[in-house]
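Me: I am new to this structure and would like to learn how to read its salt bridges. Could you take me through them step by step?

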Amino acid sequence: MSSYAPRLPQIIEMFGVSRSDVRPLTKEGAAQWLQKLIGNPTAWVIDVHGRLVGEIRLDNLDPHDLSATMAVGIFDPQLLGKGLGSESIRLVLEHAFTHCR
């Protein structure tokens, strides 16, 4: 499992990872995760009122075929079901189809 993933067990399962594989996130691991996002031009953090609450990214982007895989995660269980993921997906797809061609 990547050290960049969120650490809450119920969230980790949404990424297809077993709860038993969850390890504590270190300060270094958090810094590596953030640097990986910063270095990816098709990855964004999701923030609510200046607080990082998730991430969304396009992987395997093929501008010719207009295809990609997408990963989105909301890390705060209290924010699940509030439409943040849906809105993030809408914004990223709008961006992808206008700027990544």
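Reply: Happy to. Let's start with burial. A residue counts as buried when its relative accessible area is under 20%. In this predicted model, E55 has a relative accessibility of 5%, so E55 counts as buried.

Me: Where in the fold is E55 placed?

Reply: Look at strand β2, which covers residues 51–62; E55 is in that strand.

Me: Which residues is E55 in contact with, leaving aside its neighbours within four places in sequence?

Reply: With those neighbours set aside, the contacts of E55 are W33, L37, W44, V45, I46, A71, V72, G73 and F75.

Me: Now for the charged partners. What meets the side chain of E55 in a salt bridge?

Reply: The general idea is to look for a side-chain nitrogen of Lys or Arg within 4 Å of a carboxyl oxygen of Asp or Glu. Here the side chain of R57 is the partner of E55, with 3.1 Å from N to O. The two side chains are also joined by a polar contact of 3.1 Å.

Me: Is R57 buried or partly exposed?

Reply: R57 has a relative accessible area of 25%, so R57 is partly exposed.

Me: Which residue forms a salt bridge with R57 at 2.9 Å?

Reply: That is D59, and 2.9 Å is the distance between the closest N and O atoms. D59 is partly exposed as well, since its relative accessible area is 22%.

Me: How many salt bridges does a search of the whole structure find?

Reply: The search finds five. Another one to look at links E87 and R90, whose closest N and O atoms are 2.7 Å apart.

Me: Why are E87 and R90 separated by about one helical turn?

Reply: Because they are three residues apart in helix α3, which runs over residues 84–99. As for accessibility, E87 has 37% and therefore counts as partly exposed. R90, at 40%, counts as partly exposed too.

Me: And what do salt bridges with shared partners join into one network?

Reply: They join E55, R57 and D59.

Conventions: Residues numbered from 1 in each chain as written. Predicted model: local features only at pLDDT ≥ 70, side-chain atom pairs only at ≥ 80, totals over all residues. Heavy atoms only, no water. Helix = DSSP H or I, 4+ residues; strand = E, 2+ residues; numbered from the N terminus. Polar contact = N/O pair within 3.5 Å; in protein donor to acceptor, adjacent residues only side chain to side chain. Contact = heavy atoms within 4.5 Å. Buried < 20%, exposed > 50% of the residue type's maximum accessible area, 1.4 Å probe, protein only.
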